[in-house]
Amino acid sequence: MKICHIATEISPIAKVGGLSDVTLGLARALIQKKQDVFLILPHYACLKTEDLSSIERDPTPLKVLFNKNNYTVSIFKAMLYEVPIYFLEAASPEPFFDREKIYGYKDDIDRFAFFSLAAIELLKERFSDCDIIHLHDWQTALVAPLKALLYPKTLKAKTLFTLHNLNYQGQTTDRLLAKVHLSPLSPKIKEGFLDPGKNKHRINLLKAAFYFSDSITTVSPKYAEEIQGTKDGKGLDPILRHFKGKLKGILNGIDYEIWNPQTDSALHSHFSYQNLENKLHCKKSLQLELNMPTKAHVPLVACVCRLVPQKGLRLIKKAIMTTLKLKGQFILFGSSPIPKIQADFDELSETLKEHKDVKFVFDSYNEPLAHRIYAGSDMIICPSIFEPCGLTQIIALRYGTVPIVRKVGGLANTVFDIEQDDIPFKDTNGFTFIPATCEAMKTSLTRAFKLYHRHFDEWQKLIKRGMQMNFSWQDSSNEYLKLYHKVLMDKSSLTWLTESCRIKDVVND
Ligand code: ADP
(Lines give C-alpha, C1' and ligand atoms only; values in the text may rest on other atoms or scores of the structure.)
Protein backbone atom coordinates (compact mmCIF):
# COMPACT_ATOMS: atom_id res chain seq x y z
CA MET A 1 0.00 0.00 0.00
CA LYS A 2 1.31 3.48 -0.84
CA ILE A 3 0.91 5.75 2.15
CA CYS A 4 1.78 9.43 2.27
CA HIS A 5 1.99 11.26 5.59
CA ILE A 6 1.71 15.02 5.29
CA ALA A 7 2.95 16.61 8.49
CA THR A 8 4.78 19.57 9.97
CA GLU A 9 7.06 17.69 12.40
CA ILE A 10 9.25 14.62 12.43
CA SER A 11 11.72 13.65 15.13
CA PRO A 12 14.58 14.44 15.50
CA ILE A 13 14.99 16.89 12.62
CA ALA A 14 11.84 18.99 13.13
CA LYS A 15 10.56 18.41 16.65
CA VAL A 16 8.30 20.53 18.80
CA GLY A 17 6.28 17.89 20.61
CA GLY A 18 4.88 14.37 20.49
CA LEU A 19 3.60 14.72 16.93
CA SER A 20 7.20 14.42 15.69
CA ASP A 21 7.71 11.13 17.55
CA VAL A 22 4.49 9.77 16.07
CA THR A 23 5.30 10.58 12.44
CA LEU A 24 8.73 8.98 12.74
CA GLY A 25 7.65 5.96 14.80
CA LEU A 26 4.54 5.17 12.77
CA ALA A 27 6.29 5.62 9.40
CA ARG A 28 9.13 3.33 10.46
CA ALA A 29 6.77 0.69 11.82
CA LEU A 30 4.77 0.70 8.59
CA ILE A 31 7.93 0.45 6.50
CA GLN A 32 9.02 -2.54 8.59
CA LYS A 33 5.66 -4.05 7.65
CA LYS A 34 6.63 -3.68 3.98
CA GLN A 35 4.38 -0.72 3.24
CA ASP A 36 5.45 1.92 0.73
CA VAL A 37 5.55 4.99 2.98
CA PHE A 38 6.79 8.53 2.40
CA LEU A 39 6.33 11.90 4.03
CA ILE A 40 5.86 15.45 2.83
CA LEU A 41 7.19 18.18 5.14
CA PRO A 42 7.96 21.90 4.90
CA HIS A 43 11.59 22.64 4.18
CA TYR A 44 12.28 24.64 7.34
CA ALA A 45 15.51 26.62 7.51
CA CYS A 46 15.77 25.38 11.11
CA LEU A 47 15.76 21.66 10.17
CA LYS A 48 18.39 19.74 12.13
CA THR A 49 19.78 17.99 9.11
CA GLU A 50 22.52 15.81 10.67
CA ASP A 51 20.39 12.67 10.49
CA LEU A 52 19.36 13.17 6.87
CA SER A 53 21.10 11.33 4.06
CA SER A 54 20.88 11.19 0.25
CA ILE A 55 19.68 14.78 0.02
CA GLU A 56 18.76 15.65 -3.57
CA ARG A 57 17.18 18.71 -5.07
CA ASP A 58 14.55 17.81 -7.63
CA PRO A 59 15.45 19.53 -10.92
CA THR A 60 11.80 20.26 -11.71
CA PRO A 61 10.14 22.60 -9.25
CA LEU A 62 6.38 22.72 -8.75
CA LYS A 63 4.25 25.64 -9.81
CA VAL A 64 1.65 26.62 -7.25
CA LEU A 65 -0.79 29.50 -7.41
CA PHE A 66 -1.44 30.70 -3.86
CA ASN A 67 -3.16 33.93 -2.90
CA LYS A 68 -3.04 35.08 -6.54
CA ASN A 69 0.76 34.75 -6.66
CA ASN A 70 2.60 32.23 -8.77
CA TYR A 71 5.01 30.38 -6.53
CA THR A 72 7.91 28.27 -7.67
CA VAL A 73 8.21 25.49 -5.13
CA SER A 74 11.48 23.65 -4.73
CA ILE A 75 11.42 19.98 -3.81
CA PHE A 76 14.19 18.31 -1.84
CA LYS A 77 14.17 14.58 -1.31
CA ALA A 78 16.11 13.00 1.55
CA MET A 79 16.16 9.87 3.69
CA LEU A 80 15.68 10.02 7.44
CA TYR A 81 16.94 6.56 8.37
CA GLU A 82 14.80 4.40 6.07
CA VAL A 83 12.00 6.98 5.68
CA PRO A 84 11.83 8.96 2.39
CA ILE A 85 10.82 12.59 2.87
CA TYR A 86 9.93 15.26 0.32
CA PHE A 87 10.57 18.76 1.63
CA LEU A 88 8.75 21.69 0.06
CA GLU A 89 9.56 25.40 0.15
CA ALA A 90 8.64 28.41 -1.97
CA ALA A 91 11.75 29.37 -3.91
CA SER A 92 10.05 32.50 -5.22
CA PRO A 93 8.61 35.07 -4.89
CA GLU A 94 9.24 34.65 -1.14
CA PRO A 95 9.91 31.72 1.18
CA PHE A 96 7.52 30.65 3.97
CA PHE A 97 9.78 28.52 6.13
CA ASP A 98 12.98 30.52 6.28
CA ARG A 99 12.48 31.24 9.99
CA GLU A 100 14.15 30.45 13.30
CA LYS A 101 11.26 28.37 14.65
CA ILE A 102 8.72 25.95 13.26
CA TYR A 103 5.63 27.68 14.71
CA GLY A 104 4.79 30.91 16.45
CA TYR A 105 4.38 33.46 13.65
CA LYS A 106 1.45 35.73 12.84
CA ASP A 107 1.14 34.22 9.37
CA ASP A 108 1.24 30.56 10.50
CA ILE A 109 -2.17 29.88 8.97
CA ASP A 110 -1.01 31.18 5.59
CA ARG A 111 2.31 29.33 5.84
CA PHE A 112 0.66 25.97 6.43
CA ALA A 113 -2.19 26.64 3.99
CA PHE A 114 0.46 27.24 1.35
CA PHE A 115 2.23 24.04 2.40
CA SER A 116 -1.04 22.06 2.24
CA LEU A 117 -1.75 23.34 -1.25
CA ALA A 118 1.82 22.62 -2.41
CA ALA A 119 1.62 19.10 -0.94
CA ILE A 120 -1.62 18.28 -2.74
CA GLU A 121 -0.10 19.61 -5.99
CA LEU A 122 2.94 17.38 -5.48
CA LEU A 123 0.68 14.36 -4.95
CA LYS A 124 -1.37 15.20 -8.02
CA GLU A 125 1.72 15.66 -10.20
CA ARG A 126 3.82 12.75 -8.98
CA PHE A 127 1.87 10.36 -6.79
CA SER A 128 -1.61 9.96 -8.16
CA ASP A 129 -1.25 6.23 -7.40
CA CYS A 130 -1.12 6.91 -3.66
CA ASP A 131 -3.65 4.85 -1.65
CA ILE A 132 -3.74 6.71 1.65
CA ILE A 133 -3.09 10.35 2.47
CA HIS A 134 -2.55 10.54 6.22
CA LEU A 135 -2.81 14.06 7.70
CA HIS A 136 -1.80 15.35 11.11
CA ASP A 137 -3.33 18.24 13.07
CA TRP A 138 -4.71 21.61 11.92
CA GLN A 139 -1.61 22.58 9.98
CA THR A 140 -2.31 19.96 7.30
CA ALA A 141 -6.08 19.76 7.82
CA LEU A 142 -6.75 21.76 4.67
CA VAL A 143 -5.40 18.93 2.54
CA ALA A 144 -8.62 16.95 3.19
CA PRO A 145 -11.00 19.47 1.56
CA LEU A 146 -8.43 20.32 -1.09
CA LYS A 147 -8.29 16.69 -2.12
CA ALA A 148 -12.04 16.13 -1.86
CA LEU A 149 -13.07 19.28 -3.69
CA LEU A 150 -10.26 19.96 -6.16
CA TYR A 151 -9.01 16.53 -7.15
CA PRO A 152 -11.53 13.81 -6.22
CA LYS A 153 -10.92 12.01 -9.52
CA THR A 154 -7.22 12.59 -10.17
CA LEU A 155 -6.32 11.45 -6.69
CA LYS A 156 -7.91 8.13 -5.88
CA ALA A 157 -6.39 8.06 -2.39
CA LYS A 158 -8.52 8.04 0.76
CA THR A 159 -7.74 10.59 3.45
CA LEU A 160 -7.24 9.82 7.10
CA PHE A 161 -6.88 12.67 9.56
CA THR A 162 -5.18 12.21 12.93
CA LEU A 163 -6.03 14.69 15.66
CA HIS A 164 -3.12 15.08 18.07
CA ASN A 165 -4.55 17.97 20.09
CA LEU A 166 -7.99 19.58 19.90
CA ASN A 167 -6.65 22.72 21.56
CA TYR A 168 -5.14 23.99 18.33
CA GLN A 169 -7.86 24.29 15.68
CA GLY A 170 -6.57 26.61 12.95
CA GLN A 171 -9.26 29.27 13.11
CA THR A 172 -9.11 32.13 10.61
CA THR A 173 -11.28 34.26 8.33
CA ASP A 174 -12.99 32.80 5.30
CA ARG A 175 -10.66 34.88 3.09
CA LEU A 176 -8.27 31.93 3.29
CA LEU A 177 -10.59 29.87 1.10
CA ALA A 178 -10.06 32.10 -1.93
CA LYS A 179 -6.29 31.93 -1.44
CA VAL A 180 -6.40 28.16 -1.96
CA HIS A 181 -9.02 28.10 -4.73
CA LEU A 182 -11.85 26.97 -2.48
CA SER A 183 -14.19 29.82 -3.30
CA PRO A 184 -16.98 30.27 -4.10
CA LEU A 185 -18.52 27.29 -2.32
CA SER A 186 -22.12 26.17 -2.11
CA PRO A 187 -23.67 26.81 1.34
CA LYS A 188 -23.72 23.07 2.00
CA ILE A 189 -20.00 22.73 1.38
CA LYS A 190 -19.11 25.96 3.14
CA GLU A 191 -20.87 24.68 6.26
CA GLY A 192 -18.04 22.15 6.55
CA PHE A 193 -15.57 24.98 7.08
CA LEU A 194 -17.51 27.36 9.32
CA ASP A 195 -16.28 27.80 12.84
CA PRO A 196 -18.96 26.88 15.40
CA GLY A 197 -18.47 30.29 17.06
CA LYS A 198 -20.76 33.24 16.37
CA ASN A 199 -18.76 34.95 13.63
CA LYS A 200 -20.02 33.64 10.30
CA HIS A 201 -16.84 34.71 8.52
CA ARG A 202 -14.58 32.52 10.66
CA ILE A 203 -13.52 29.14 9.43
CA ASN A 204 -12.05 26.27 11.39
CA LEU A 205 -9.55 24.00 9.67
CA LEU A 206 -9.94 21.13 12.12
CA LYS A 207 -13.66 21.09 11.52
CA ALA A 208 -13.03 21.02 7.77
CA ALA A 209 -10.73 18.01 8.21
CA PHE A 210 -13.47 16.22 10.18
CA TYR A 211 -15.95 16.89 7.37
CA PHE A 212 -13.78 16.09 4.39
CA SER A 213 -11.65 13.14 5.60
CA ASP A 214 -12.70 9.57 5.02
CA SER A 215 -11.60 8.63 8.51
CA ILE A 216 -10.57 10.43 11.71
CA THR A 217 -8.34 9.07 14.41
CA THR A 218 -7.06 10.49 17.61
CA VAL A 219 -4.16 9.36 19.71
CA SER A 220 -5.80 7.38 22.50
CA PRO A 221 -9.16 5.67 23.03
CA LYS A 222 -9.88 7.71 26.18
CA TYR A 223 -9.25 11.03 24.42
CA ALA A 224 -11.54 9.91 21.57
CA GLU A 225 -14.26 9.52 24.19
CA GLU A 226 -13.49 12.75 26.08
CA ILE A 227 -13.55 15.07 23.07
CA GLN A 228 -17.10 14.01 22.23
CA GLY A 229 -18.28 15.60 25.49
CA THR A 230 -18.95 19.31 26.06
CA LYS A 231 -16.31 19.53 28.80
CA ASP A 232 -13.39 18.55 26.57
CA GLY A 233 -14.85 19.07 23.10
CA LYS A 234 -13.56 22.68 22.84
CA GLY A 235 -16.63 23.69 20.85
CA LEU A 236 -16.24 20.91 18.29
CA ASP A 237 -17.91 18.14 20.31
CA PRO A 238 -21.21 18.30 18.37
CA ILE A 239 -19.25 17.79 15.13
CA LEU A 240 -17.24 14.96 16.64
CA ARG A 241 -20.41 13.30 17.91
CA HIS A 242 -21.90 13.70 14.45
CA PHE A 243 -18.88 11.94 12.92
CA LYS A 244 -18.39 9.37 15.67
CA GLY A 245 -18.88 6.58 13.13
CA LYS A 246 -15.61 7.51 11.46
CA LEU A 247 -13.73 8.50 14.63
CA LYS A 248 -11.40 6.05 16.36
CA GLY A 249 -8.85 6.33 19.16
CA ILE A 250 -5.59 4.51 18.44
CA LEU A 251 -3.00 4.68 21.20
CA ASN A 252 0.35 6.16 20.16
CA GLY A 253 3.38 3.98 20.54
CA ILE A 254 7.04 4.88 20.86
CA ASP A 255 9.91 3.72 18.69
CA TYR A 256 11.51 0.89 20.69
CA GLU A 257 14.78 1.15 18.75
CA ILE A 258 15.22 4.83 19.49
CA TRP A 259 13.97 4.56 23.06
CA ASN A 260 15.95 1.60 24.34
CA PRO A 261 17.80 1.77 27.67
CA GLN A 262 19.95 -1.21 26.62
CA THR A 263 21.46 0.52 23.58
CA ASP A 264 20.70 4.26 23.88
CA SER A 265 23.81 6.16 22.74
CA ALA A 266 22.85 9.23 24.81
CA LEU A 267 23.33 7.25 28.05
CA HIS A 268 26.54 6.70 30.01
CA SER A 269 25.41 3.22 31.19
CA HIS A 270 22.87 0.79 29.86
CA PHE A 271 20.32 -1.26 31.73
CA SER A 272 17.34 -3.56 31.35
CA TYR A 273 14.65 -4.90 33.66
CA GLN A 274 16.90 -7.88 34.40
CA ASN A 275 19.76 -5.63 35.37
CA LEU A 276 18.69 -2.43 37.04
CA GLU A 277 22.01 -1.66 38.72
CA ASN A 278 23.16 0.60 35.92
CA LYS A 279 20.03 2.70 36.27
CA LEU A 280 21.64 3.94 39.48
CA HIS A 281 24.76 4.89 37.49
CA CYS A 282 22.53 6.84 35.10
CA LYS A 283 21.04 8.63 38.09
CA LYS A 284 24.44 9.56 39.42
CA SER A 285 25.75 10.85 36.10
CA LEU A 286 22.58 12.86 35.61
CA GLN A 287 22.97 14.45 39.05
CA LEU A 288 26.59 15.27 38.22
CA GLU A 289 25.69 16.65 34.80
CA LEU A 290 23.08 18.96 36.33
CA ASN A 291 25.24 19.85 39.29
CA MET A 292 22.91 18.29 41.85
CA PRO A 293 23.95 16.44 45.04
CA THR A 294 24.63 12.79 44.15
CA LYS A 295 22.11 11.26 46.51
CA ALA A 296 21.56 7.63 45.55
CA HIS A 297 18.67 6.73 47.81
CA VAL A 298 16.50 9.79 47.53
CA PRO A 299 13.72 9.83 44.90
CA LEU A 300 14.58 11.93 41.87
CA VAL A 301 11.38 13.22 40.26
CA ALA A 302 11.33 14.64 36.72
CA CYS A 303 8.83 16.58 34.69
CA VAL A 304 9.58 16.76 30.96
CA CYS A 305 7.18 18.98 29.05
CA ARG A 306 6.33 22.09 27.13
CA LEU A 307 5.22 24.54 29.80
CA VAL A 308 1.70 25.24 28.53
CA PRO A 309 -1.56 25.37 30.54
CA GLN A 310 -2.56 21.89 29.27
CA LYS A 311 0.27 20.34 31.31
CA GLY A 312 -1.14 21.48 34.68
CA LEU A 313 1.27 24.30 35.54
CA ARG A 314 -0.11 24.94 39.04
CA LEU A 315 0.24 21.25 39.87
CA ILE A 316 3.75 21.13 38.45
CA LYS A 317 4.80 23.97 40.76
CA LYS A 318 3.13 22.23 43.67
CA ALA A 319 4.90 18.97 42.78
CA ILE A 320 8.25 20.77 42.99
CA MET A 321 7.48 22.14 46.45
CA THR A 322 6.04 18.82 47.67
CA THR A 323 9.09 16.92 46.44
CA LEU A 324 11.40 19.28 48.30
CA LYS A 325 9.28 18.94 51.45
CA LEU A 326 9.51 15.16 51.15
CA LYS A 327 13.29 15.58 50.83
CA GLY A 328 13.43 14.37 47.25
CA GLN A 329 15.04 15.92 44.21
CA PHE A 330 13.27 17.48 41.21
CA ILE A 331 14.22 18.25 37.60
CA LEU A 332 11.95 20.44 35.50
CA PHE A 333 12.92 20.09 31.86
CA GLY A 334 11.26 22.12 29.12
CA SER A 335 10.35 25.68 28.35
CA SER A 336 7.31 27.74 27.50
CA PRO A 337 6.41 29.25 24.13
CA ILE A 338 4.26 31.72 26.14
CA PRO A 339 6.49 34.54 27.50
CA LYS A 340 4.33 35.23 30.56
CA ILE A 341 4.46 31.57 31.64
CA GLN A 342 8.20 31.39 31.02
CA ALA A 343 8.71 34.52 33.13
CA ASP A 344 6.69 32.94 35.92
CA PHE A 345 8.88 29.83 35.94
CA ASP A 346 12.04 31.96 35.65
CA GLU A 347 10.90 33.67 38.82
CA LEU A 348 10.32 30.37 40.61
CA SER A 349 13.73 29.18 39.53
CA GLU A 350 15.27 32.40 40.88
CA THR A 351 13.46 31.93 44.20
CA LEU A 352 14.77 28.37 44.52
CA LYS A 353 18.25 29.02 43.16
CA GLU A 354 19.98 28.21 46.43
CA HIS A 355 18.20 24.85 46.57
CA LYS A 356 20.61 22.31 45.11
CA ASP A 357 17.93 19.58 45.04
CA VAL A 358 15.85 21.24 42.36
CA LYS A 359 17.04 21.95 38.85
CA PHE A 360 15.27 23.95 36.16
CA VAL A 361 16.49 23.25 32.63
CA PHE A 362 14.63 25.68 30.38
CA ASP A 363 15.81 24.14 27.18
CA SER A 364 13.06 23.81 24.61
CA TYR A 365 14.76 20.98 22.83
CA ASN A 366 17.69 18.84 23.88
CA GLU A 367 17.10 15.26 22.82
CA PRO A 368 20.18 13.58 24.40
CA LEU A 369 19.53 15.27 27.75
CA ALA A 370 15.88 14.20 27.56
CA HIS A 371 17.06 10.58 27.20
CA ARG A 372 19.38 10.92 30.21
CA ILE A 373 16.60 12.44 32.33
CA TYR A 374 14.23 9.54 31.53
CA ALA A 375 16.99 7.04 32.38
CA GLY A 376 18.35 8.71 35.51
CA SER A 377 15.11 9.69 37.26
CA ASP A 378 13.10 7.52 39.63
CA MET A 379 9.71 9.07 38.95
CA ILE A 380 8.10 11.25 36.31
CA ILE A 381 5.13 13.46 37.02
CA CYS A 382 2.43 14.37 34.45
CA PRO A 383 -0.40 16.29 36.15
CA SER A 384 -2.03 17.32 32.84
CA ILE A 385 -5.40 19.05 32.73
CA PHE A 386 -6.00 17.16 29.50
CA GLU A 387 -3.63 14.89 27.59
CA PRO A 388 -4.47 13.46 24.16
CA CYS A 389 -1.93 10.64 24.58
CA GLY A 390 1.23 11.84 26.26
CA LEU A 391 4.50 10.19 25.39
CA THR A 392 6.63 11.12 28.36
CA GLN A 393 4.94 8.60 30.67
CA ILE A 394 5.36 5.88 28.03
CA ILE A 395 9.04 6.68 27.52
CA ALA A 396 9.48 6.80 31.30
CA LEU A 397 7.99 3.30 31.66
CA ARG A 398 10.45 2.00 29.08
CA TYR A 399 13.32 3.52 31.12
CA GLY A 400 12.19 2.15 34.48
CA THR A 401 10.96 5.53 35.71
CA VAL A 402 7.67 5.28 37.57
CA PRO A 403 4.89 7.57 36.27
CA ILE A 404 2.66 9.60 38.56
CA VAL A 405 -0.12 10.97 36.39
CA ARG A 406 -3.52 12.54 36.35
CA LYS A 407 -5.93 9.97 34.96
CA VAL A 408 -7.03 11.70 31.75
CA GLY A 409 -6.75 10.96 28.04
CA GLY A 410 -3.88 8.73 27.04
CA LEU A 411 -2.45 8.88 30.57
CA ALA A 412 -5.50 6.87 31.67
CA ASN A 413 -4.88 4.33 28.90
CA THR A 414 -1.23 3.74 29.84
CA VAL A 415 -0.75 4.19 33.60
CA PHE A 416 -2.48 1.94 36.12
CA ASP A 417 -2.27 2.65 39.84
CA ILE A 418 -0.86 0.00 42.15
CA GLU A 419 -4.05 0.34 44.21
CA GLN A 420 -6.41 0.23 41.24
CA ASP A 421 -8.64 -2.75 41.87
CA ASP A 422 -10.38 -3.12 38.51
CA ILE A 423 -7.27 -4.56 36.85
CA PRO A 424 -4.93 -7.39 37.88
CA PHE A 425 -2.07 -6.26 40.16
CA LYS A 426 0.46 -7.60 37.64
CA ASP A 427 -0.74 -4.93 35.17
CA THR A 428 -0.20 -1.98 37.51
CA ASN A 429 2.72 0.31 36.72
CA GLY A 430 2.47 3.62 38.56
CA PHE A 431 0.37 6.10 40.52
CA THR A 432 -2.67 8.03 39.37
CA PHE A 433 -5.04 10.67 40.68
CA ILE A 434 -8.27 12.05 39.29
CA PRO A 435 -9.16 15.55 40.57
CA ALA A 436 -6.96 18.32 39.14
CA THR A 437 -6.16 19.49 42.65
CA CYS A 438 -2.90 20.00 44.49
CA GLU A 439 -4.23 17.77 47.26
CA ALA A 440 -4.87 14.79 44.96
CA MET A 441 -1.49 15.19 43.25
CA LYS A 442 0.27 15.48 46.60
CA THR A 443 -1.40 12.30 47.90
CA SER A 444 -0.16 10.29 44.91
CA LEU A 445 3.34 11.72 45.07
CA THR A 446 3.50 10.95 48.80
CA ARG A 447 2.30 7.37 48.18
CA ALA A 448 5.11 6.96 45.64
CA PHE A 449 7.72 8.27 48.09
CA LYS A 450 6.42 5.92 50.79
CA LEU A 451 6.71 2.86 48.57
CA TYR A 452 10.22 3.90 47.49
CA HIS A 453 11.44 4.44 51.06
CA ARG A 454 9.62 1.68 52.93
CA HIS A 455 9.34 -1.16 50.40
CA PHE A 456 12.21 -0.79 47.98
CA ASP A 457 11.83 -4.40 46.83
CA GLU A 458 8.21 -3.64 45.84
CA TRP A 459 9.42 -0.46 44.15
CA GLN A 460 11.86 -2.48 42.05
CA LYS A 461 9.11 -4.91 41.08
CA LEU A 462 6.95 -1.96 40.05
CA ILE A 463 9.76 -0.65 37.84
CA LYS A 464 10.19 -4.08 36.26
CA ARG A 465 6.46 -4.47 35.56
CA GLY A 466 6.48 -1.11 33.75
CA MET A 467 9.58 -1.97 31.75
CA GLN A 468 8.10 -5.24 30.56
CA MET A 469 4.94 -3.65 29.18
CA ASN A 470 4.83 -3.13 25.46
CA PHE A 471 3.98 0.32 24.14
CA SER A 472 5.91 -0.03 20.90
CA TRP A 473 4.38 0.83 17.53
CA GLN A 474 3.99 -2.88 16.81
CA ASP A 475 0.29 -3.13 17.76
CA SER A 476 -0.74 0.44 17.03
CA SER A 477 0.71 0.38 13.51
CA ASN A 478 -1.32 -2.79 12.90
CA GLU A 479 -4.42 -0.90 13.96
CA TYR A 480 -3.60 1.87 11.49
CA LEU A 481 -2.99 -0.69 8.75
CA LYS A 482 -6.34 -2.33 9.45
CA LEU A 483 -8.01 1.05 9.31
CA TYR A 484 -6.29 1.97 6.03
CA HIS A 485 -7.64 -1.27 4.52
CA LYS A 486 -11.10 -0.57 5.90
CA VAL A 487 -11.30 2.96 4.45
CA LEU A 488 -10.01 1.76 1.12
CA MET A 489 -12.84 -0.79 0.96
CA ASP A 490 -15.48 1.63 2.18
CA LYS A 491 -17.55 2.89 -0.73
CA SER A 492 -19.87 4.97 1.41
CA SER A 493 -17.50 7.54 2.91
CA LEU A 494 -17.96 11.14 1.77
CA THR A 495 -20.95 10.16 -0.39
CA TRP A 496 -22.59 13.43 0.65
CA LEU A 497 -20.06 15.11 -1.64
CA THR A 498 -21.74 14.74 -4.99
CA GLU A 499 -20.19 15.46 -8.36
CA SER A 500 -21.65 18.97 -8.30
CA CYS A 501 -19.50 19.81 -5.28
CA ARG A 502 -16.36 19.60 -7.33
CA ILE A 503 -14.77 22.94 -8.04
CA LYS A 504 -14.16 23.21 -11.75
CA ASP A 505 -11.27 24.85 -13.57
CA VAL A 506 -8.84 24.91 -10.74
CA VAL A 507 -5.32 25.92 -11.45
CA ASN A 508 -3.07 23.18 -12.79
CA ASP A 509 -5.90 20.63 -13.05
P1 ADP B 1 3.24 17.24 23.66
O2 ADP B 1 3.13 16.69 22.28
O3 ADP B 1 1.98 17.82 24.21
O4 ADP B 1 4.38 18.22 23.79
P5 ADP B 1 3.97 14.53 24.47
O6 ADP B 1 4.14 13.94 25.83
O7 ADP B 1 3.01 13.85 23.55
O8 ADP B 1 3.60 16.06 24.67
O9 ADP B 1 5.37 14.55 23.70
C10 ADP B 1 6.44 15.29 24.17
C11 ADP B 1 7.70 14.87 23.43
O12 ADP B 1 8.61 15.97 23.46
C13 ADP B 1 8.42 13.70 24.10
O14 ADP B 1 9.16 13.00 23.12
C15 ADP B 1 9.39 14.42 25.05
O16 ADP B 1 10.51 13.63 25.37
C17 ADP B 1 9.78 15.59 24.19
N18 ADP B 1 10.27 16.76 24.92
C19 ADP B 1 9.59 17.58 25.74
N20 ADP B 1 10.39 18.56 26.19
C21 ADP B 1 11.60 18.35 25.64
C22 ADP B 1 12.87 19.02 25.70
N23 ADP B 1 13.04 20.11 26.42
N24 ADP B 1 13.89 18.50 24.98
C25 ADP B 1 13.72 17.39 24.24
N26 ADP B 1 12.57 16.72 24.14
C27 ADP B 1 11.53 17.20 24.82
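Q: A polar contact is a pair of N or O atoms within 3.5 Å; within protein, one must be able to donate a hydrogen and the other to accept it, and residues adjacent in sequence count only if both atoms are side-chain atoms. How far from the backbone oxygen of G390 is a polar atom of the side chain of Q393?
A: The distance is 2.9 Å. That is within 3.5 Å, so this pair meets the distance cut-off.

Q: What kind of model is this, and which numbering and atoms does it use?
A: This is a predicted model, where local features need pLDDT of at least 70, side-chain atom pairs count only at pLDDT 80 or more, and totals for chains, interfaces and linings use all residues. Residues are numbered from 1 along each chain as its sequence is written, and side-chain values use heavy atoms, with hydrogens and water left out.

Q: How do you know how confident the predictor is in the protein chain?
A: Look at pLDDT, the predictor's confidence in each residue, from 0 to 100. The chain averages 96. A score of at least 70 is reached by 98% of the residues.

Q: Where does pLDDT stay under 50?
A: Look at residues 505-509. For this stretch the model has 17 contacts (heavy atoms within 4.5 Å) beyond four places in sequence.

Q: Why is Q393 called buried?
A: Its relative accessible area is 0%. Buried means under 20%, exposed means over 50%, and partly exposed is in between (1.4 Å probe, protein chains only). Q393 is at 0%, so it is buried.

Q: Where is Q393 found, and what does it touch?
A: Q393 is in helix α14. Helices (H or I, at least four residues) and strands (E, at least two) are DSSP runs, numbered from the N terminus. Not counting residues up to four places away in sequence, Q393 touches I380, C382, P403, V405, G410, L411, T414 and V415.

Q: Why does Q329 count as buried?
A: Q329 has 0% relative accessibility, so it falls on the buried side of the cut-off. Its place is in strand β14, residues 329-333. Leaving aside neighbours within four places in sequence, its contacts include Q287, M292, P293, K295 and D357.

Q: Is A209 buried or exposed, and how do you know?
A: A209 is at 0% relative accessibility, so it counts as buried. It lies in helix α7, residues 205-212. A209 touches A141, A144 and F161, not counting residues up to four places away in sequence. I385 is 176 residues from A209 along the chain, and their C-alpha atoms are separated by 25 Å.

Q: Why is K327 called exposed, while N67 is called partly exposed?
A: K327 has 64% relative accessibility, so it is exposed. N67 has a relative accessible area of 34%, so it is partly exposed.

Q: What makes the phi of N67 and of K327 worth a note?
A: Most residues other than glycine have a negative phi. N67 is not a glycine, yet its phi is positive, about 50°. K327 is not a glycine either, and its phi is about 65°. N67 sits in the loop between β4 (62-66) and β5 (69-80). K327 sits in the loop between α11 (313-325) and β14.

Q: What makes the pair D232 and K231 count as a polar contact?
A: Their side chains are joined at 3.3 Å. D232 is in the loop between α8 (221-226) and α9 (237-242).

Q: How many residues surround the ligand, and which are closest?
A: There are 19, and the closest are G18, R306, D363, Y374 and L391. A residue is near a molecule if one of its heavy atoms lies within 4 Å of it.

Q: How far from an oxygen atom of the ligand are the polar side-chain atoms of Y374 and K311?
A: For Y374 the distance is 2.6 Å. For K311 the distance is 2.8 Å. Both values are within 3.5 Å. The protein buries 92% of the 570 Å² that the ligand exposes when taken alone.

Definitions and conventions: Accessible areas come from the Shrake-Rupley method with a 1.4 Å probe; for residues, only the protein chains shown count as cover.
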